[in-house]
Amino acid sequence: MVLLFLDVLESLLLERKKTFERKATQLLPRLQNWKDLEVDIFVYLMLIDHYANLQDWQSLCFYQAEMIKFLGY
């Protein structure tokens, strides 16, 4: 789990956009089982920033809504 998170972070920092999107969306469903790592908010923030930079408003709104749901629990 930690390695997958680090892969996501590395792909973001190296600006591998498609790899980042794929790995981040694979990571999100797994986070529910790993609440003790508390990386959820960082993954959501990375995705929100990524889609804001791409000006992909539909994806941006989706991940903002998902983060709001996460914060509500």
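## Salt bridges

Glutamate 66 and lysine 69 are 3 residues apart in helix α4 (residues 57-72), so about one helical turn separates them; helices here are DSSP runs of H or I with at least four residues, strands are runs of E with at least two, and numbering starts from the N terminus. The structure is a predicted model, in which local features need pLDDT of at least 70 and side-chain atom pairs count only at pLDDT 80 or more, while totals for chains, interfaces and linings use all residues. Residues are numbered from 1 along each chain as its sequence is written, and side-chain values use heavy atoms, with hydrogens and water left out.

Glutamate 66 and lysine 69 form a salt bridge, with 2.9 Å between the closest N and O atoms; the term requires a side-chain nitrogen of Lys or Arg within 4 Å of a carboxyl oxygen of Asp or Glu. Glutamate 66 is partly exposed at a relative accessible area of 21%, and lysine 69 is partly exposed at 45%, where buried means under 20% relative accessible area, exposed means over 50%, and partly exposed lies in between (1.4 Å probe, protein chains only). The count of salt bridges comes to 2, and another pair is aspartate 7 with lysine 23, whose closest N and O atoms are 3.7 Å apart. Because aspartate 7 belongs to helix α1 (residues 2-13) and lysine 23 to helix α2, this pair ties together parts that are 16 residues apart in sequence. Aspartate 7 is partly exposed, with a relative accessible area of 30%.

## Packing of α2 against α3

Two packed helices are described by the angle between their axes and the distance between the axes. For helix α2 (residues 17-31) and helix α3 (residues 40-54), the axes come within 10 Å and cross at roughly 145°; the axes are lines fitted to C-alpha atoms over the stretch in contact, and angles run from 0 to 180 degrees between N-to-C directions. The crossing of α2 and α3 is left-handed, a term used when the near helix is turned anticlockwise from the far one by less than a right angle, clockwise being right-handed.

On the α2 side, Lys17, Phe20, Glu21, Ala24, Leu27, Leu28 and Leu31 meet Asp40, Val43, Tyr44, Met46, Leu47, His50, Tyr51 and Leu54 of α3, with contact meaning heavy atoms within 4.5 Å. The contact of α2 with α3 comprises 11 nonpolar, 1 polar and 3 charged residues; Ala, Val, Leu, Ile, Met, Phe, Trp, Tyr, Cys and Pro count as nonpolar, Asp, Glu, Lys and Arg as charged, and the others, Gly among them, as polar. Aspartate 40, which lies in helix α3, counts as buried at 4% relative accessibility. Leaving aside residues up to four places away in sequence, aspartate 40 touches Leu31, Lys35 and Phe70.

A search of the whole structure finds 3 aromatic pairs, a pair being two rings of Phe, Tyr or Trp (its six-membered ring) with centres within 6.5 Å, called stacked when the planes are under 30 degrees apart, edge-to-face when over 60, and tilted for the rest. Tyrosine 44 and phenylalanine 70 form a tilted pair, 5.8 Å centre to centre and with 35° between the planes. Tyrosine 44 lies in helix α3 and phenylalanine 70 in helix α4, so this pair ties together parts that are 26 residues apart in sequence. Tyrosine 44 is buried, with a relative accessible area of 10%.

Tyrosine 51 and tyrosine 63 form a stacked pair, 5.6 Å centre to centre and with 5° between the planes. As tyrosine 51 lies in helix α3 and tyrosine 63 in helix α4, this pair ties together parts that are 12 residues apart in sequence. Tyrosine 51 and tyrosine 63 are buried, and together with Phe62 they form one aromatic cluster.

## Loop residues with positive phi

Most residues other than glycine have a negative phi. Glutamate 15, although not a glycine, has a positive phi of about 55°; this residue is found in the loop between α1 and α2 and is exposed, with a relative accessible area of 61%. The C-alpha atoms of glutamate 15 and histidine 50 are separated by 9.6 Å, the two residues being 35 residues apart along the chain.

Glutamine 55, in the loop between α3 and α4, likewise has a positive phi, near 55°, and is exposed, with a relative accessible area of 56%.
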